[in-house]
Amino acid sequence: MLVSEILRIKGNTLFTTTPDGKVLDAVAVMAQHDIGSLVVMDRGRMAGLLTFAEVLKALADRDGTLGDVRINEICQREPLTATPHLDVMELRGAMLERHARYVPVLEGTTLRGVISFHDVAKAVFEEQSFENRMLRNYIKDWPETGT
């Protein structure tokens, strides 16, 4: 299965923010849409990724307040990225290695979407479930031999 297949199933809604935006505003968007990340876009190009992990660290570093903290102060500058043509199992390995929960998908410099670890786990589970059903049906339908 390819990353593009997950994006096709998820749909093409993108949530982005700007580097100079307030983290508090970004948190409101993330909470409103029940998402864990926002892609940071600057002049049409990806400039980073803001996830709940960076927000939590900022809260811990600032005694529980965000005040006027700007996104460019805390976002990941070079997050793990994927292409639409990447195999999901390869992406899963990279996500595990880098401890990445969210991965922007880029085709060249064009943002196509964001894949979460949940999306990858769900895709792998569904693919394995399908293969298991096919194997069970194959075994069930296997002709018996007269011994």
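Let's start at a turn: glycine 108 adopts a positive phi near 70° in the hairpin of S4 and S5, where 2 residues sit between the strands. Keep in mind that this is a predicted model.

- Strands S4 and S5 run antiparallel and are joined by 6 bridges.
- Tyrosine 102 has serine 116, in S5, as its bridge partner.
- How many of the 7 residues of strand S5 are buried? The count is 5, so this strand, covering residues 110–116, is largely enclosed by the rest of the structure.

**The open sheet**
- Three strands make up an open sheet in the order S1-S2-S3, and their pairing is mixed.
- Strand S1 (16–17) and strand S3 (45–51) are at the edges with a single partner strand each, so each has one side left without a neighbour in the sheet.
- S3 pairs with strand S2 (residues 37–42) over 6 bridges, in the antiparallel sense.
- Within this pairing, the residue opposite serine 37 is threonine 51 in S3.
- Helix H2 (residues 23–33) lies across S2 and S3, and runs at about 130° to S2.

**The nonpolar cores**
- The largest nonpolar core has 16 residues, and the members that touch the most others are Val3, Leu91, Met95, Val103, Ile115 and Val120.
- Two or more residues of this core come from each of helix H1 (3–10), helix H5 (88–98), strand S4 (102–107) and helix H6 (117–140).
- Which residues is valine 120 in contact with, leaving aside its neighbours within four places in sequence? They are Ile6, Val88, Leu91, Arg92, Met95 and Ile115.
- Another core lies apart from this one; it has 13 residues, including Val23, Met30, Val40 and Leu50.

**The largest pocket**
- If you are looking for open space, the largest pocket holds about 350 Å³.
- It is lined by 17 residues, of which Lys10, Thr13, Phe15, Ile35 and Val114 are the closest to its centre.
- H1 and S5 are the elements that give two or more residues to the lining.
- Which element gives the most to this lining? That is S5, with 4 residues.

Methods. Residues are numbered from 1 along each chain as its sequence is written. This is a predicted model: local features need pLDDT of at least 70, side-chain atom pairs count only at pLDDT 80 or more; totals for chains, interfaces and linings use all residues. Side-chain values use heavy atoms; hydrogens and water are left out. Two strands pair if DSSP finds at least two bridges between them. Contact means heavy atoms within 4.5 Å. Axes are lines fitted to C-alpha atoms, for helices over the stretch in contact, and angles run from 0 to 180 degrees between N-to-C directions. A nonpolar core is a set of buried Ala, Val, Leu, Ile, Met, Phe, Trp, Tyr and Cys residues joined through side-chain atoms within 4.5 Å. Buried means under 20% relative accessible area, exposed over 50%, partly exposed in between (1.4 Å probe, protein chains only). On a 1 Å grid over the protein atoms alone, a cavity is a set of points where a 1.4 Å probe fits but cannot get out, and a pocket is an open set with protein on both sides within 12 Å along at least five of seven lines; lining residues have an atom within 4 Å of a point. Grid points are joined across faces, edges and corners, and a volume is the space filled by probe spheres set on the points.
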